[in-house]
Amino acid sequence: MRTFTDLHGRFEPPLPDWGPPHPGEPAHGYVVRLGAMSGIGSVAVLLNSHGLNGRDIQPAECLEFALSFPITGKEHLIHATPVVTPTSVVIMGQEVRRRHWQIGLRRFCPACLAESPHHRAWWDLPAFARCPDHDIDIVDRDASGHPVPWWSASFTHAPTGSPLPRHGVPRRTVPRPSLEGYILARLGAAGPPAVPLLDDLPTLGDVLDAVELVGRVALGGTLRTRPVVGVTKGFDLPAVNRAGYDVLRKGEDGLVMLLHAVAAARAAFKDGRGKRASFGWLGSALNAEKGSHIGILAGCMRRVAIERGDFSPSTCEAWYAGEAGWLPVPTLAAELGLTEERLRRLSEALGIHERQFGIARARYRSFSPEQAESVRRTLASCLDRDGAADALGLPRDTFDALVCAGVIARFVRIGTGRDRDRFRPEDVATLAARLLHKVEPATDVPDGHLRLADLRRTCKTNPARSVEAILKGYAVPRGRLGPTVGDLLVPDPRRDRGGGMRAARAALRTLPGLSRYQAATVLGCRVETVDGLIDGGHLRVCSGGAAGAGSTRSPSTGSAGSGPPRTSTPTSPGRRGRVTRPVPRWKSSASRRCGSPRRTEPSRTWSTVPARARYWRWPATPTTRRAAACSRSRPRCSARSGGGERSSSSGEAAA
């Protein structure tokens, strides 16, 4: 270490006046006070004259210069002078980050200067923003707003002449609880620290990092992006430190309460589950931080995630162990006798969990004791199909028809077999209330109606259709004979079918002969072949009625052997008397595929087409059998001439 003497070579101290250092006074502050005692106007000139850096004052050089004086209490001066390295600063036995300390600005408390005009080492910490003894801000400007430089060798007046001390500010008997007071306690300038959550941190730098990080969470934990101190609006360093210290001085419970509030607010974003979704940018901020304070935040985040049930791969062991009273899906499913998938679907139906897709559906769902009890009560109160049918007063097959039609949906399936479906009583009661709404009681059953319970499900009747018509407003019950749904009086779907069907079947038995399609079925040929047989006179026509083209009923009536049948000309719009027989598209395409030659024939109109009969008798003659066999053996092709077409098989059979 160098020893400095006066500039005149008398081997005396560099300055004529000096005094002992004050508690907490660093070397660079002591040198400024020495210049003030000796009446030197510029500390920069003093340091430059001794070969030191007077423009950018250095604490180490100032310490060497100050130790050249024969003073007492040098150990206090050494203790208060910061030891600066590129990454850290040790001040009064406490290590801080390099960014936690500065000497570019000369900061001071005006009320403290009024009590004792000397510099304090903790004023160089940007986190020390307010004096805890006088409750006023630490400033770096005089009353006129000009910055106070280090070269000004005065603690009473600024270079502009403005006074620096502020007299008349009372000193607090008990310092205000603040981060500044905790800093004084850690530096040994005040009583012992009293924040257990911060006392366990080894360095003051970890304390400042923890306070700053928690302050950012308190002010912007719900922001999408990570806020930056001094850059993001509203995140100046004093406000951030004040918010962070207010949380941390409440202990771990206060920090957990803050993280719970952040997780609950971010749950509205629906970003998923786990720490990233619950705490947003805080997880990535912890990865970027360095220090022992990370363990405090990480432990509280894990505790909050477990208490909220937001399990993730990092907390899967807590999920399996059922910490904080949570019941994982495998445990509760085994207790209830359900598969895990059905239990997840049940939780989605009850609104306990949101519906998820993919691999997220099979991971880390859990139930609180209240939610598990709700699931147990719901399953205990559910009705099977027989119970739901009894509650509605319906037979089992009628209730099955309602379920099949979607009138009522099952709530969950338990086990296997026919009775695995379960229905909630409130769903059954809601259906009953809708069907029985404004239905008046009745004493007897009107004609054409019957009880819904008596309407059985068959191949031609479905009770679900009647129920759907009532629910949609298409039909109205005529009343009810009792209090249940099965007592509703609904129209009988079979009321108009019995007589009509019997009359139609009796008429079919009384009519003589066979129809064209029945004859084609007996012969094993097409209807066109039967038409050719009729045209050739091989089938005798019985009697029939008028019908249009393409109908099975003939447009004329006649009998076999009584001469040519009468014909009638339909009155088709635009083609009166010239209506041709329609030809299926497959016949024309088949003729082109088979390459049959086109024969020129006169176009056949409706007046030239022989009459068709609805019923006739056909003789079982060898000619008839040969014609039928010929129609089955020859290829089916057609010949077109003019505007009419006729099948070749029918023509050959008629010939």
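Mentor: Contact means heavy atoms within 4.5 Å. Keep in mind that this is a predicted model.

Trainee: Which residues does Leu198 touch, not counting residues up to four places away in sequence?

Mentor: Leu198 is one of the residues that touch the most other members of the largest nonpolar core. Leave out residues up to four places away in sequence. Leu198 then touches Tyr182, Arg186, Val207, Ala210, Val211, Tyr245 and Leu248.

Trainee: Are α15 and α16 roughly parallel or roughly perpendicular to each other?

Mentor: The axes of α15 (residues 329–336) and α16 (residues 340–350) come within 9 Å. They cross at roughly 100 degrees. Angles of 65 to 115 degrees count as roughly perpendicular. The two helices, α15 and α16, are therefore roughly perpendicular.

Trainee: Which residues of α16 make the contact?

Mentor: On the α15 side, the contact is made by Val329, Pro330, Leu332, Ala333 and Leu336. By class, the contact has 6 nonpolar, no polar and 2 charged residues. From α16 come Glu340, Leu343 and Arg344.

Trainee: Which residue in β3 is the bridge partner of Val89?

Mentor: The open sheet has the order β1-β2-β3. Strand β2 (residues 88–91) pairs with β3 in the antiparallel sense over 4 bridges. In β3, the partner of Val89 is Val96.

Terms used. Residues are numbered from 1 along each chain as its sequence is written. This is a predicted model: local features need pLDDT of at least 70, side-chain atom pairs count only at pLDDT 80 or more; totals for chains, interfaces and linings use all residues. Side-chain values use heavy atoms; hydrogens and water are left out. Two strands pair if DSSP finds at least two bridges between them. Axes are lines fitted to C-alpha atoms, for helices over the stretch in contact, and angles run from 0 to 180 degrees between N-to-C directions. Angles under 35 degrees count as roughly parallel, over 145 as roughly antiparallel, 65 to 115 as roughly perpendicular and the rest as oblique. Ala, Val, Leu, Ile, Met, Phe, Trp, Tyr, Cys and Pro count as nonpolar, Asp, Glu, Lys and Arg as charged, and the others, Gly among them, as polar. A nonpolar core is a set of buried Ala, Val, Leu, Ile, Met, Phe, Trp, Tyr and Cys residues joined through side-chain atoms within 4.5 Å. Buried means under 20% relative accessible area, exposed over 50%, partly exposed in between (1.4 Å probe, protein chains only).
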